[in-house]
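I opened the model to look up its aromatic core, its strands and its pocket. My notes follow in the order I took them.

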Amino acid sequence: MKIQRFSFLISLMFILGFNNMACGQENTAQKFKKLQWLIGKWQRTNSKPGQSGYENWSKVSDTKLTGKGVTLKGKEVVFVEQLELSIKGDDIFYIVTVTGDSGPVNFKLTAISKDAFVCENPEHDFPKKIAYTRKGGTVKAIVSGNGQTLDYEFISSALKKN
């Protein structure tokens, strides 16, 4: 009798554990929805003296967001990057294309929460990691690799107008 109870309990624990594991995992589309907070215009707040910058993000589809990062010196554009977050297969990628570079660079999403995400490409020279964190109407983007770190701080343009 004790053996039957023990076997029953082990089986029950296995079934419940597997059920929780299956229900607890998010699919790629559910993870991608967590990135919607990025949509909008973000003004850079920590530019070098005489410079300014922004990122604009928009939704193209349920599987793709596109962005544009711009750095200005006065009114002159000095740096532009085309940005994309998209689902490819079972993964999410942050794709960066810089004017004048040989082509896009893919960073695979490695962590995500409702207010943050991290993308990595260990093979790229710099950066190797891109991390965004939202706190209220502000966003901090950190690009890092090879002992270097660059911080980009942004405020939502909607907040800046108020």
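I looked up Phe-117 and found 1% relative accessibility, so Phe-117 counts as buried. Buried means under 20% relative accessible area, exposed over 50%, and partly exposed in between, with a 1.4 Å probe and protein chains only. I then checked Tyr-94, which at 3% relative accessibility counts as buried.

Before going on I noted the ground rules. This is a predicted model: local features need pLDDT of at least 70 and side-chain atom pairs count only at pLDDT 80 or more, while totals for chains, interfaces and linings use all residues. Residues are numbered from 1 along each chain as its sequence is written, and side-chain values use heavy atoms, with hydrogens and water left out.

I took Trp-57 and Tyr-94: their ring centres are 6.0 Å apart and their planes at 50°, so the pair is tilted. This pair links distant parts of the chain, with Trp-57 in strand β2 (residues 51-61) and Tyr-94 in strand β5 (residues 91-98), 37 residues apart. Strands here are DSSP runs of E, at least two residues; helices are runs of H or I, at least four residues; both are numbered from the N terminus. Trp-57 and Tyr-94 are both buried.

I moved on to Tyr-94 and Phe-117. Their ring centres are 6.4 Å apart and their planes at 40°, so this pair is tilted. Tyr-94 lies in strand β5 and Phe-117 in strand β7 (residues 116-120), so the pair ties together parts that are 23 residues apart in sequence. Which residues form one aromatic cluster? I listed Trp-37, Trp-57, Tyr-94, Phe-117 and Tyr-132.

Entry 3, a charge over a ring. The charged end of Lys-41 sits over the ring of Tyr-54, 4.5 Å from its centre. The test asks for NZ of Lys or CZ of Arg within 6 Å of the ring centre and within 35 degrees of the ring normal.

I counted 3 helices and 10 strands in the protein. From the N terminus on, the elements run α-α-β-β-β-β-β-β-β-β-β-β-α. The 10 strands close into a barrel in the order β1-β2-β3-β4-β5-β6-β7-β8-β9-β10, with antiparallel pairing. Two strands pair if DSSP finds at least two bridges between them. Of the 162 residues of the protein, 31% count as buried.

I found 6 of the 8 residues of β5 buried, so β5 is largely enclosed by the rest of the structure. β4 and β5 pair in the antiparallel sense over 8 bridges. Glu-84 has Ile-95 in β5 as its bridge partner. The hairpin of β4 and β5 has 2 residues between the strands, and Gly-89 there takes a positive phi near 70°. On the other pairing, β5 and β6 are antiparallel over 4 bridges. Tyr-94 stands opposite Phe-107 in β6. The hairpin of β5 and β6 has 6 residues between the strands, and Gly-100 there takes a positive phi near 95°.

Strand β8 (residues 129-135) and strand β9 (residues 138-145) pair in the antiparallel sense over 7 bridges. Lys-135 has Thr-138 in β9 as its bridge partner. I placed Thr-133 in strand β8; at 43% relative accessibility, Thr-133 counts as partly exposed. Arg-134 is also in strand β8 and, at 26% relative accessibility, counts as partly exposed. Arg-134 and Phe-117 are 17 residues apart in sequence and 9.3 Å apart in space, C-alpha to C-alpha.

About 520 Å³ of space lies in the largest pocket. Of the 28 residues that line the largest pocket, the closest to its centre are Phe-79, Glu-81, Val-96, Val-143 and Tyr-152. Which element gives the largest share of the lining? I found β5, with 4 residues. A pocket is an open set of points on a 1 Å grid over the protein atoms alone, where a 1.4 Å probe fits, with protein on both sides within 12 Å along at least five of seven lines; lining residues have an atom within 4 Å of a point. The volume is the space filled by probe spheres set on the points, which are joined across faces, edges and corners.

Methods
Phe/Tyr/Trp six-rings, centres within 6.5 Å; stacked < 30°, edge-to-face > 60°.
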